[in-house]
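Biologist: Could you take me through this model? Please give me the terms as we go.

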Amino acid sequence: MTNTASTAAASAPVATPSGACTLRQRSSFRWGLASLALAMLLSSLGTSIANVGLPTLAQVFNASFAEVQWVVLAYLLAITSLIVSVGRLGDLIGRRRLLLIGIAIFTVASILCGAAPTLWWLLAARAVQGLGAAIMMALTMAFVGEMVPKEKTGSAMGLLGTMSAIGTALGPTLGGVLISGFGWSALFFINVPLGLLALLLGYRFLPRARADLKWAQRRFDIRGTLLLVLTLVTYALAVTVQFDAAHSGFGWLNLLLLMMALLAALLFIAAAKRTASPLIPLRMFRSPLLSAGFAMSTLVTTVVMATLVVGPFYLSGALMLDAAEIGLVMSSGPLVAALTGVPAGRLVDRFGAQRMTLSGLIAMATGAALLPLLSTHFGIPAYVAPLMLLTAGYAVFQAANNTAVMTGSPPDQRGVIAGMLNLSRNLGLVTGASVMGAVFAFGAAASNLLTATPAAVTAGMRLTFIVATVIILIALVIAVASHARAARAVAAKR
């Protein structure tokens with residue numbers, strides 16, 4: 001489907017002989033968008049649904065918690081390390097073809113996960129499932145830029161954000177029901193019918209792009225891919241894995257991995273400068289829109305992760321809630337994200353990405369600043385209200401930032417840029433889990449947070465969200481500065 005056809009598909013049908021054709025185009029467009037939304041739902045559901053099954057998997061495979069946590073880590077590491085590479089590959093060989101391959105890989109890997117006879121089998125299958133999820137995450141966003149008219153991009157990005165939030169929020173509840181009713185294998189088998197439906201819809205309704213022979217003849221940067229994978233894997237392991245069970249915190253192995261990540265990153269940059277067709281064209285970072293979009297995404301998701309890491313400790317240690325009450329309070333965040341995703345996208349289409357990016361960041365900063373001030377005095381309702389404001393602000397920011405980056409990207413680089421957007425989000429999540437957790441522990445001044453006093457937990461939470469507020473304010477400064485630079489560049493061309 002060409003851009004003209006996409007625009008026609010989005011417009012209202014008229015009473016002409018071509019009206020039936022227009023109706024078919026609109027139907028095809030909507031079903032194609034449904035396949036993208038379903039792919040995004042599956043990839044996010046794969047992240048959250050396995051968490052609730054870790055205790056059961058430890059019993060089934062007679063494994064320790066440190067071993068079964070790799071069921072989650074293998075999936076996340078595969079996504080984080082491969083998402084840019086598969087986005088670039090989609091630019092080269094065709095996004096529709098690779099997206100369908102990714103959905104098929106995810107579906108087959110889900111079958112292998114559910115049928116796993118050993119833990120090592122399950123871990124290998126989860127890594128393959130992560131590959132499929134990386135393809136789906138990167139190329140769904142790239143496809144929006146390709147098939148959706150520019151004036152409707154915000155709504156489409158909001159829909160994808162909503163599906164991602166639904167998958168995250170639905171995972172723990174759905175996983176608990178499936179384990180209790182059908183056993184642990186159902187955690188993975190549930191993806192099979194959904195994957196087949198996404199594959200069928202994508203094959204039938206996603207548009208076939210016209211081949212750009214000049215672009216297709218460019219070579220895939222294998223050396224750059226290997227160096228980027230090494231960089232991301234070592235960094236993710238350095239900030240997420242505790243290698244010394246006797247001592248919590250950052251050990252010498254973590255430091256060694258961090259140094260390896262830095263060295264690999266330097267080698268990657270050097271290789272990109274010498275390659276005619278690099279995995280990530282370094283010149284894209286000269287664009288204030290793109291570089292600011294990536295930086296803000298990393299900073300903002302670092303704060304979002306802080307609510308997920310610190311929240312349970314504060315709710316149990318300071319507000320004295322039980323597990324069920326904690327789950328109910330924590331679910332308010334993903335629920336708000338799911339409800340505000342589509343309206344946020346429509347606001348972006350109406351008022352513009354720049355204005356809504358600033359609005360989302362201001363809402364997030366307000367929520368983060370109010371969270372420690374109100375909840376320590378007024379209890380649960382005063383915790384939930386700022387959390388909902390912060391999460392709603394995040395939904396607005398995400399729709400606006402994704403729209404700005406994808407509509408401002410060159411058509412032949414949408415895959416790799418969508419991969420970079422998803423990578424920046426994942427890096428924010430893994431960094432937030434480590435750094436903001438360390439800030440919380442430092443503020444609480446307790447080696448064991450489970451036995452810390454309510455006053456200590458409250459002090460840790462206050463420091464965490466003071467830092468979170470500063471991080472969002474930095475993102476706000478970046479947004480203002482990038483918009484000013486972009487405006488000056490436009491004025492200079494006139």
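Modeller: Buried means under 20% relative accessible area, exposed over 50%, and partly exposed in between (1.4 Å probe, protein chains only). This is a predicted model, in which local features need pLDDT of at least 70 and side-chain atom pairs count only at pLDDT 80 or more, while totals for chains, interfaces and linings use all residues. Residues are numbered from 1 along each chain as its sequence is written, and side-chain values use heavy atoms, with hydrogens and water left out.

Biologist: How many helices and strands does the chain have?

Modeller: The chain has 20 helices and zero strands. Both are DSSP runs numbered from the N terminus (helices H or I, at least four residues; strands E, at least two). Of its 494 residues, 53% count as buried.

Biologist: Which residues touch the most other members of the largest nonpolar core?

Modeller: Those are Leu36, Val84 and Ile280, in a core of 55 residues. Helix 7 (residues 119–147) supplies the largest share of this core, 12 residues. A nonpolar core is a set of buried Ala, Val, Leu, Ile, Met, Phe, Trp, Tyr and Cys residues joined through side-chain atoms within 4.5 Å. A second, separate core has 39 residues, including Met296 and Phe465.

Biologist: What does Val84 contact beyond its neighbours within four places in sequence?

Modeller: Its partners include Leu228, Ile280, Val416 and Leu423. Contact means heavy atoms within 4.5 Å.

Biologist: Changing topic, how many salt bridges are there?

Modeller: The count comes to one salt bridge (a side-chain nitrogen of Lys or Arg within 4 Å of a carboxyl oxygen of Asp or Glu). The side chains of Asp91 and Arg95 form it, at 2.8 Å, N to O.

Biologist: Is that pair buried or exposed?

Modeller: Asp91 is buried at 8% relative accessibility, and Arg95 is buried at 9% relative accessible area.
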